[in-house]
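The following report describes a protein model for a reader who is new to structural analysis. Please consult the sequence and the structure while reading.

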Amino acid sequence: MSGQPLTFDATPDEMVVFLSEAEEQMELLSQDLLRLEHEGDTNSELLQEIFRAAHTLKGSSGAIGHQRMAHLTHAVESVLDQVRHHTLPVTTPMIDLLLQGVDALRVLLEEVTTLVESAIAIDDLCTGLNALTTPPPVVAQPVPGKRDESRPYIAQPPGAVATAAPSAALWRVEAQIAPECLLPAVRALQVLLALSGLGTVTRSEPTSEMIEAGQVAAGANVTLWLAPHSADDVAAQIAPTLASVLEVTVQAITPEGHTVAATPPVVPGDQTASLWQIAITFNARCQLPAARALQVVLTCATLGTVAASQPTLEEIEAGQVPVDQPLLVTVSAPGPLDAITAAAHAAIERIPEVQVAYVTPVGVGAQLIAPASSATPMPSASPTPSPVSTPLSIKDGEGAGVGPTPASHAPRMVRIDVERLDALMNLVGELVIDRTRLARISGKLGQMAHDPVLAEELTETCRHLARISDDLQDEVMRSRMLPIESVFSKFPRLVRDLAQKVGKPIDFIVEGKDTELDRSVAEQIGDPIIHLLRNSIDHGVESAERRAAVGKAPAGQVRLAARHEENQIVIDVEDDGHGIDIEVIKQKAVSKGILSAEAAARLSDREAVDLIFASGFSTAEQISDISGRGVGMDIVRTNVERLNGSITVETEVGQGTRFTVRLPLTLAIIRALLVEVAGQTYAIPLTSVVEALRIEREALRSINGRAAIALRGQVLPLLHLRDVFAELTSTGRPAAGTGRPQGSPTGDTAERAARQFVVAVRWGERRGGLIVDALVGEQEIVIKPLGNLFRSAQGVSGGAVLGDGQVAPILDIATLIKHIIATDRGTAVSQGAVA
Amino acid sequence: MAKVLLVDDAAFMRMRCAKVLTKLGHTVVEAENGAQAVDMFEREKPELTLLDITMPEMDGIEALKAIKTRDPAAKIAMVSAMGQQSMVLDAIKAGAADFVLKPFDEERLVAAVSKLLA
């Protein structure tokens, strides 16, 4: 019932492993199901992999005692098992049902964490899944009472010298499983086990194997034959024992006339013979009697030549071994009874779950004393005893015929907490800084060296340290990399669901799944890509009818591709839809008041297409359920840029649209333009830089009291960084970590060189120019979080460790551009207002 | 006490099984697929190998055969889920000494291991 507290059988450390593994398998399952739908059941590797995933889940969930999860995974596994054996064709309804199964499994997995039973009902799902699999043919059971007397439960040895004495009565117990019972097989098993406590269950209907295979229907009758341990009043004990099993009603307990031979026939110990029958019984709880029987027959081959067995070897191999009937093996081995019996006990009882019931002579030489009833001769059996450890090739002759296997190339994996990697990364950052300082000290020492040899040694050590720490940094960086597959893996399902929802068939192609990127980036690019995919499916791809009308394939193609380009990861989301109509975009932008009609007319095609990234712009005529819920492309762009990335769009009417997202491989290292302001180096993320230019002072305009320049026909408002950071220093907040003296805190324009540098930067669609003293160059920088000192420093987002160990503040372009705009509206602060 | 090679592609099952074995005082070495198991067997020379059947790379049956080729006396017990009877039969034919069905209870596992190491 929903809301019930749950407990699971796993220690906390086991639970961590269970959870992460289960999540992995579910992810694999849902991915592979989509591949299965796409590829059909032709890829045997895929079929095996997908089966294994379900199989592992079943095993683990069973092991922690999560019954509902084990139940559902069993149903999923059964379907996949038949699929992998090609006895069940792959269909869309099947995939639907299996995917629903995986969804339900995720909910059930959460129960492991919440320890409260969720409201999800899995019975219908299981029923649906079970209906897919053709039920295995149920072997007809002989009707009790009409039992074939030629096959007694415990066979009387042929030519028996003595009749086995009755040791106990046999009771027939009939019970009914409640019709509303959810796990009838479990109840039946409980009955079986409970009765096993009172004696030996010699037989049951359904058989214990069927019970364990779940082939018991709710409402079914279960009949068991019990040979009690003692002759006490067992009937009186049976009912109370079964009363402890829920959902089971005892119908009848009746004594049966038959007796069970539990004692060996009496034969003189020194009787010699060359043909023996060995009777072996199985423990009632024996789980795979066929496997034990096979072990017994193979072991008997070490005692002599196996002439026959009942069940026959063929039956054994087909798994047709009832646990409640003895296995009879006829062995040809000359010798006295005692010796054979001792050898049989010694050899056979090393096999778990079986006992030798008796050994009795059946013949001398090739002459049978009496033919073993229904036992079939086995002429193919080995004429000489073989050591038990040698794999016997009985049927397929393949036993040991496997050559040496190539060594495993599987990487040996260790799971590491992400936080540890982050900590490691930070420590390496510290190390790099110290290394640079050490190098500087070493350099100074070298200059005033009293001992040039020692100084040289120090320099050399520093150089070595530098190399090592560089390698270390690379390695740590690499260890944080993941294939983008970890992000992409959820998309096929998403696309499938969206395609179903909008009723457009979509052919989804994913490329470059192995492309690696830093986990910090991986964690954050999912949402922007989802939005782009939704956009492509919802707005990009036309309906099947419209595609047919223009001669395109009915299924729209959506391609998601990742690749590395230099130090960036490039992700394309491309569709072969109708493209973006530039005129429609312009009209829309004008009607939304984003720009004037004149301005729109002046836009180049590229600029016009870029309007879709403008805030407040949405191309969808009506807001659909899928995309356009107020979240537009502007948010996508903002999110991408927050990751120091960029997004561009290319489109051709009638041919399709391609969005290209470029992201740094890691958020820990970015490319930046280094600039100098008042003697301090600052870093500007390159992704925000439009261009850097040198201007003559005369080119500076003052428009409404604000500095600006004309750039490509547009007015670019400017901000003097010198003024911004002068204010910071004057209010006691240093803007640099190296403690260098800051430039003059005044806006003394007279001192400025005749030439100045302007870096045009962009945030979203807003642009501005930053006036700097000098351009230092482009460089890769390692980002360090800033301490409290800088936290409140406006215009600075972090610190960068430069190659020489110097720390350069990284400019926060978003804030600086807001400054420019605020100034533009005349509402704020003096800085930037340069005459 | 013995060295036991534990082979299962599911880390959870390895963990669970290793605990039981360690508690018995055995040394446990692990492999996560058949190919690794064969390597590991040669390197570690375990006294007992517990071999899962359903695994990637090389399944338990193949690994069993490969190990048996290298050391016909190797003691190997298959670890199998319900419903894999035919696989277990194949394994027995190929020389597996015993099998344990998953999900196993500790008692069964202990009994099987003790019996095999006796």
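The report covers confidence, the contact between the chains, a sheet and a pair of helices.

This is a predicted model, in which local features need pLDDT of at least 70 and side-chain atom pairs count only at pLDDT 80 or more, while totals for chains, interfaces and linings use all residues. Residues are numbered from 1 along each chain as its sequence is written, and chains are lettered from A and ligands numbered from 1 in the order in which they are written.

The scores of the model are ipTM 0.80 and pTM 0.49.

**The contact between the chains**

Two residues are in contact if their C-beta atoms, placed from the backbone, lie within 7 Å. Chain B contributes 42 residues to the contact and chain A contributes 36 residues. On the side of chain B that touches chain A, helix 4 of chain B gives the most, with six residues. Helices (H or I, at least four residues) and strands (E, at least two) are DSSP runs, numbered from the N terminus.

| Class | Side of chain B that touches chain A |
|---|---|
| Nonpolar | 23 residues |
| Polar | eight residues |

**A sheet in chain A**

In chain A, five strands form an open sheet with mixed pairing, in the order 12-14-15-17-16. Two strands pair if DSSP finds at least two bridges between them. Strand 12 (506-511) and strand 16 (646-652) of chain A are the edge strands, each pairing on one side only. Strand 14 (residues 556-565) and strand 15 (residues 568-575) of chain A run antiparallel and are joined by eight bridges. One bridge pairs A:E565 with A:Q568 in strand 15 of chain A.

**Two helices of chain B**

The axes of helix 1 and helix 5 of chain B (lines fitted to C-alpha atoms over the stretch in contact, with angles from 0 to 180 degrees between N-to-C directions) come within 11 Å and cross at roughly 60°. Helix 1 of chain B is therefore oblique to helix 5 of chain B; angles under 35 degrees count as roughly parallel, over 145 as roughly antiparallel, 65 to 115 as roughly perpendicular and the rest as oblique. From helix 1 of chain B, B:C17, B:V20 and B:L21 meet B:E106, B:L109, B:V110 and B:V113 in helix 5 of chain B. The residues of this contact comprise six nonpolar, no polar and one charged.

Technical notes: Nonpolar A, V, L, I, M, F, W, Y, C, P; charged D, E, K, R; others polar.
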